[in-house]
Amino acid sequence: MPLPRFLKRIFSDPEASHKRAFLRSLDLFSDLRFMDLGHLVQNMHDRTYHEGEVLFVEGDIGRALFILESGKIELTKAGPDGKPQKIYTIQPGEFFGEMALLEQLPRTATATALERSQVFLLYRSKLESILNYHPRIGVQIMTHLAQLLSARLRRASSAAGCMPAS
Amino acid sequence: MIERRAAPLLPTILVCAGGLYCAYLVRQALMPFVLSFALAYVVNPLIDAVETRGLRRFHIVLAFYLLAAFLLYLLAQYLLPLVSAETSRLQADAPAYLARAQKFAADLQSHAARRLPRSGLPIGQLASHAYASALEQLQLVPSYILSLFPLISLFFLVPFITFFLLLDGPLLISTLIQAAPSRYVEQSLHLLNEIDASLGHYLRGILIVALAITVVSYVGLLALGVNAALSIAVLSGVSSFVPYLGAVMGALVGGIAAAVQFGTAKAGLKVVLLFVGIRMGDEMLLQPFIARYSVHLHPLLFLLSMMIGGEIFGFLGLVFAVPTACIIKALLNVAWEWYVSEARLRGHDTRACVAVPYT
């Protein structure tokens, strides 16, 4: 239950409110309730990456989902000649590395901070803990991930000419 | 092909080993911090649960301390008269108990002499020694109480340190994550989570067991009419911080106290049976729940960790031997998982499912 405004000013944590508001703005967590977002904030870690810092390298085993709050992250992939080729630039509010939550497989790209970037991390075992103790939150996250996977699969199939994109 | 850099394993191990050796050298000074850390670990889920409502952590921790102080005050109001009554009753009854114990020993000797005339068991001699020793110990009680004064400083120091650990715990984790090399943040999180899972569940579990043993044994001893029920229950509860020791201490001390109080071995046996029941209840009801998420140690590792802990750090070493072993096991698990995943020794093959066309 939200606090009355005058009590909110005294007792509420502005940093937690800011994180909660940011997470609610994402499609992935848009359906979560106030308390659910509170649990999520507690289970997430944040870290600041400076320009040029590498978040992970192609081939590393993935164990966390990354959500970019501010800054820019570049995804690159090694080309046939071994040189990195830019494949996408992550903008604030976008998330990446989500497949690490489903299976521990090598990362398919390298992520590097293009500028000072604030990133939230949801570690795989934290998601498992959420699924155990707060299944409502876990189910919503997993549903969104499944929808995302399905959409990507449709796009890939469509690009390959197997089926019409819906 | 992307060049892979090996993790700086050897320097890390050397730094950790150096840190552990330094910790060993200053172990006395570290004791309040270790106790505070354990207390903070136990209390932290409560603080976290309230924090999800969006409140400032400082206010939650402060409110928790005020509530805990109030509850302790109420508990003291209830317990202090009980402790005082138990102590004065013990002082009043001690000579009678000792006389009864002597009579019991004399009866035993005459009984043994009738059955085994040539055995020459020195029971009477042993009883006289025990009587003299008991009187000697009773005279030393004031010095024992004085020797507890350093522990009183812990009573104030531990809550003080715990306050700051509870307040700044999340900040400490954030600082560690920020300090980790950017590429190894995921691995650092993996390690922190493994340690957190095994340590947190173990410490919370052992506290639940201690509280349960204290309450159940107190009720059971009261029902059996044992005089020093509270003291024996508390002794049993505190001892249970060392795995398996609580019920043994309760059965031993409670059994002797009941046998001396009632003057029959049957009364002592009833108390022993009570603690056997408590131990079985703990094993059947609490342990499956507690051990569900904690790290499982092989009995030999368990024994080894207890022996090493007891040898180096005494009673506190016995209490914290298993959690330390859990941390070491978590570290080894993480190292093994990294090795396996990096070496691609294991992997989930989903190709069989993928063979079905996407529809």
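In what order do the strands of the open sheet of 4 strands with S2 in chain A run? I looked this up first, and the order is S2-S7-S4-S5, with antiparallel pairing.

**Entry 1: ground rules.** I am reading a predicted model, where local features need pLDDT of at least 70 and side-chain atom pairs count only at pLDDT 80 or more, while totals for chains, interfaces and linings use all residues. Residues are numbered from 1 along each chain as its sequence is written, with chains lettered from A and ligands numbered from 1 in the order in which they are written.

**Entry 2: the sheet with S2.** I noted that helices (H or I, at least four residues) and strands (E, at least two) are DSSP runs, numbered from the N terminus. Two strands pair if DSSP finds at least two bridges between them. At the edges of this sheet I found S2 and strand S5 (84–90) of chain A, each pairing on one side only. Neighbouring strands are turned by 30 degrees against each other on average, direction ignored; the axes are lines fitted to C-alpha atoms, for helices over the stretch in contact, and angles run from 0 to 180 degrees between N-to-C directions.

**Entry 3: around S4.** Strand S4 (residues 73–78) of chain A is joined to S5(A) by 6 bridges, and the two run antiparallel. I followed A:Ile73 both ways: its bridge partner in S5(A) is A:Ile90, and in S7(A) it is A:Ala113. A:Lys77 stands opposite A:Gln85 in S5(A). S4(A) and S5(A) form a hairpin with 5 residues between them, and A:Gly82 in the turn has a positive phi of about 90 degrees. With strand S7 (residues 110–113) of chain A, S4(A) pairs in the antiparallel sense over 4 bridges.

**Entry 4: another sheet.** I then traced an open sheet of 4 strands in the order S1-S8-S3-S6 (chain A), again with antiparallel pairing. Its edge strands are S1 and strand S6 (95–96) of chain A. Strand S3 (residues 64–70) of chain A and S8(A) are joined by 6 bridges, and A:Ile67 has A:Phe120 in S8(A) as its bridge partner.

**Entry 5: a helix from chain B.** What lies across S1, S3 and S8 of chain A? I found helix H7 (residues 185–224) of chain B there, running at about 40 degrees to S8(A). I checked its length too: at 1.5 Å a residue (times one less than the number of residues), the 40 residues of H7(B) should span 58 Å, and the end C-alpha atoms are 57 Å apart, which agrees. Just after H7(B), B:Gly225 takes a positive phi of about 80 degrees.

**Entry 6: where the chains meet.** 34 residues of chain A are in contact with 24 residues of chain B, contact meaning C-beta atoms, placed from the backbone, within 7 Å. The chain A side divides into 14 nonpolar, 12 polar and 8 charged residues; Ala, Val, Leu, Ile, Met, Phe, Trp, Tyr, Cys and Pro count as nonpolar, Asp, Glu, Lys and Arg as charged, and the others, Gly among them, as polar.

**Entry 7: the inside.** The largest nonpolar core has 37 residues, and A:Ala64, A:Leu65, A:Phe66 and A:Leu121 have the most contacts inside it. Such a core is a set of buried Ala, Val, Leu, Ile, Met, Phe, Trp, Tyr and Cys residues joined through C-beta atoms within 7 Å, and buried means 20 or more other C-beta atoms within 10 Å of a residue's own. Beyond four places in sequence, the contacts of A:Ala64 include A:Gly97, A:Leu121, B:Glu186 and B:Leu189.

Methods
Contact = placed C-beta atoms within 7 Å. Buried ≥ 20, exposed ≤ 12 C-beta atoms within 10 Å, placed from the backbone.
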